[in-house]
Amino acid sequence: MILCEKLGQTYLSGGRELPVLQDINFTLAAGGFLAIVGPSGSGKSTLLGLLAGLDRPRSGRVVIDGQDLGALDEDARARLRGEKVGFVFQSFQLIPTLTAKENVQVPLELRGQGGEARAEELLARVGLQDRAGHYPAQLSGGEQQRVALARAFSSRPRLLFADEPTGNLDAATGATVIDLMVELNRESGATLVLVTHDPELAQRARRVIRLQGGRVVSDATAAVS
Amino acid sequence: MTRARFALVMAWRETRGARRSLLLLVGAVAIGVAALVAIRGFAASVRASVQSQARSVLGADLVAGSARPFSTAAETLLSSLTVGSRGAQVARVTSFAAMTHAEGKPDARLAQVLALEPGYPFYGDVTTEPPGAWSRLAPGDALADEALLVTLDARIGDTLAIGAARLRIRAAVRNFPGDIGVRTSFGPRVFVPFATAQATGLLGVGSRARYEAFFRLPEPVDLARLVERHRPALAVERVSLRTLAEDQRRINDNMGRLGRYLGLVGLVALLLGGIGVASAVHALVRRRLETIAVLRCLGASSRQVTAVYLFQALGLGLLGSVLGAVLGSALQALLPYLFRDFIPADFRAQVSWTAIASGLLTGAYAAALFALGPLLGVRRIPPLRALRRDVEPLPSPPRERGLAALALGAGVLSMASLEGGGVLVGAAFTAGIGTALLLLWLAASTLRAMLRRALSPRLSYPWRQGLANLHRPANQTLAIALTLGFGAFLLATVLVLQHNLLRELRVPDGPRPNLALFDVQPDQLEGVVRAVRSTGAEPGEAVPIVPMRIHSLKGVPTSQKLAQSAAGARQPTPPWLMRREFRSSYRADKGAGEEIVAGSWWTPGAPSARETEVSLEADVAKDLGVTVGDEIVWDVQGVLLPSRVTSLRRVEWARFQPGFFAVFPKGPLDQAPQTFVILFRLAEAGDRARLIRSMVERFPNVSALDLAEVQRTVESLLSRLEWAVRVLAMFSVAAGCLVLLGALAASRFERLREAVLLKTLGATRRQVARVVLAEYAALGALAGSTGVLLAAGAGWAIVRFLFRSAFTLPVLPLLLFAAGVMTLTAALGAAGSREVFRRTSLELLRNE
């Protein structure tokens, strides 16, 4: 599903190139659940961005479902995301001008589908059927993240990227959201890549890659539960 | 749901959170379109009115006119015009200027006398008070423009004196077909029966009368062919022909020029609106970075996302255009009032659907055009922004920006060419605007660079902070300086032009002459001078005027040239110039305010050659196609006078003093038939009126003109024109204010964040307010001063090269104007930031 080969990334800082990721190698099979952990500034989000094709790597390559991202241009990568990828962000990133239901519909509408029924079904699944007509500003943080979950799964993605999904939530709400996410993921059979600095959360993954200073310091697969 | 529909739906949904700032976009387009629709609709209404009333404007199908009585040959030719047209009618009209007064009343006034045969005008109705007097005009009667009766303090039934004739005033003329308001204020008219012209005794040697024959040709005649056939022969007899179609074309040309000029003024408002669109879209894109990044994460292509915001800009542009069209159609009713003295009185305003449709199209086109630049940036927003807030959009590559600028330039060029009626005008307009923007950009960049390098640490904190904001990241310096500076530039240019044109025409309180006596015959000169002296005034030197025509130019007789030109041959010299009567003068010295631009003035007392010297006005020499050294033979009342051009002069016509196309040295013309003009100053208006009145009685042929009165008329007309220009400039001001508000909205988030930080760190609201004031006062000062400087340059160029007149700078008004721009900017900036002062830090932080 995901092949990551000799991946490296640098950022310009004060005119100097600063390495943020170096020599990352791993493969992840379809249906897997990977957690990428590490302290702040270790390169987790950068890695996620590269895996999702949001940015171009300085070196190495990422292959998703047999497609080399490096061979695709910006728009082709977007099309790939639209077809195969779902996202959950730390700061929810719901579109503020759209209602909860409209937010869930966006990925389907982008493909030229209406998706109203699907959106309603998913909102019911995350327990927000009564909030469908509300705008993000009218929802609590936990509710917003549940809408984001519904949006992430609305287009039945093969691959789900979650960037610190509990980072902006209190512990109890965070736990609910994670439970929901893992459950939805199990139902859909999608591959899940989760970035977090929360070790407890990481324990729920079947495989944990630990980053430090832009390098992989450990890559452990837990026993299948 | 198709992909295009997604963009449409998203475009609509995306207006939800930003309606207030998008209202700016709508308003900016609306103002520009309102100006365009009002102006185009007005021009179309004028055209339609002219079209429907053209016959009454001319009063006939065909007019033959001459500056001298028709010769026998001309009469024969004219009578052949009606051959073959059954029911054809002819009415003759002789018109001339004469002093008029009502018996027993103290005032006298120069009026235009029209002595007419029954039937004229054949088309259109003359309205009189009491009604019906026009058709009952009988020998011994007179009808007069209402304005004249008011000045003379005359009533219906009074006796009107014109030269030797005494006539009974039967009615006041309220409306004459085809009249334009200005006309009666300059030359009020008296209408008398045809035979009365001779009875006045004023049509002697040296008089200036126009002889016309008006034809009604009811049978379908091929007028164009008829005119073509007779024109050459009549031209030789110095008779010119005017037809309805030609008249209509001339009026349309004039109206077209006015319409095109106003159209460009309207386009300026639309362009300012366009800048408002650009800054609103730019602000919107800045506020939507996250949304755009998320859409890209979710699989939207850059084209899809761009389409969302392009549709939005187009839709809002169209909405603005519709509002503008409604507003413009309403305003169209106001324009005839502003221009009432310059358009035919029977003007009827009507809703012009073409104007509305073209306004809608232009508005949407301009909105899309100006939105394009900022929308290109949408494609440069990395999806990574959804993950990391610190990821900024990439700058567009230079090639892309160059193409966008090119598209914008081409768009402006196309709109200006359409509006200005030609690619040349469009190109000049576009180039002028481009240059102004370039200079504004240079000024703003220089200021920014200077502030970055050298901001004095001795300045107080608010000033240092406020000025530093002008060069910090995400600053709005360029956008505001460009838009505001451009608006200031346009308005200040209007100010500079007004000042210069009015100064030319304003008679200072100094000892300039304010009374002119002309048509003084040589044998009356002594008497007139004595009469003037008896009032205590000192008459200036009597200026001789010798009427003459051109007999031949560089050896070719004008009659030959005229015949050729009437037969359709192209002539470098316009026919009217060869036909016209030159009222020339002779004197030893160069006139005041005249400048020799070629050749040299004659030395007094030089031995006279076989041919005399002549000095020509530079422009007329150019039109005649002659220069220093060329030969002109003049026809001075039947006597031929060969001359050689020895100098060309530049004359300042706007001065209240006699100017001449041709001036001769003293000597050769001393004995020619001539009249004199005497200018002098008589301070009291009452003294002037009494003198004019006594002149009329003793010297009925002498015309007196109270220059102070002319002055007042000119000024009142100019002030109305000024008003019209100001109203149109208001569109630009309104658009400029919207642009400013838009630019403020664009930087609102940055400013809020900074203000909150300052407040959190302990700054008082007063200090924050002073930072904001300092920033915007500096921006306003920059925009105001560059705008004023540019306006001074543009004004100088226009006055010097277009009006060919001396230029002075209205320093104080411009300084006040620049100060006003600064104050307004600071005030609007502070008003736009009042949220920062009103709310607490926490509230704002939470909203972020």
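Predicted model: local features only at pLDDT ≥ 70, side-chain atom pairs only at ≥ 80, totals over all residues.

Me: Start with helix packing. At what angle do α13(B) and α14(B) cross, and how close do their axes come?

Reply: Look at the axes, and take the angle between N-to-C directions. Here helix α13 (residues 398-420) of chain B and helix α14 (residues 423-453) of chain B cross at roughly 130°. Their axes come within 7 Å.

Me: What do we call α13(B) relative to α14(B)?

Reply: Roughly antiparallel needs an angle over 145 degrees. The angle here is roughly 130°, so α13(B) is oblique to α14(B). The crossing of α13(B) past α14(B) is right-handed.

Me: Which residues make the contact of α13(B) with α14(B)?

Reply: From α13(B), they are G409(B), V412(B), L413(B), A416(B), S417(B) and G420(B). From α14(B), they include V423(B), V425(B), G426(B), A427(B) and F429(B). T430(B), I433(B) and G434(B) of α14(B) also take part. By class, this contact has eight nonpolar residues, six polar and no charged.

Me: Which residues of α12(B) and α13(B) meet?

Reply: α12(B) supplies T362(B), L369(B), L372(B), G373(B) and L376(B). α13(B) answers with E400(B), A404(B), A407(B), L408(B), G411(B) and M415(B). The classes are seven nonpolar, three polar and one charged.

Me: On to the strand. How many residues of β7(A) are buried?

Reply: Burial is read from neighbour counts: 20 or more other C-beta atoms within 10 Å. In strand β7 (residues 159-163) of chain A, five of the five residues are buried, so β7(A) is largely enclosed by the rest of the structure. L159(A), F161(A) and D163(A) point one way, and L160(A) and A162(A) the other way.

Me: Which strands does β7(A) pair with?

Reply: Look for bridges, then direction. Strand β6 (residues 85-88) of chain A is joined to β7(A) by four bridges, and the two run parallel. G86(A) stands opposite L160(A) there. Five bridges join β7(A) to strand β8 (residues 191-196) of chain A, again running parallel. In that pairing, F161(A) stands opposite V193(A).

How values were computed
Residues numbered from 1 in each chain as written. Chains lettered and ligands numbered in written order. Axes fitted to C-alpha atoms, helices over the stretch in contact; angles between N-to-C directions. Parallel < 35°, antiparallel > 145°, perpendicular 65-115°, else oblique. Left-handed = near helix turned anticlockwise from the far one by under 90°. Contact = placed C-beta atoms within 7 Å. Nonpolar A, V, L, I, M, F, W, Y, C, P; charged D, E, K, R; others polar. Buried ≥ 20, exposed ≤ 12 C-beta atoms within 10 Å, placed from the backbone. Pairing = 2+ DSSP bridges.
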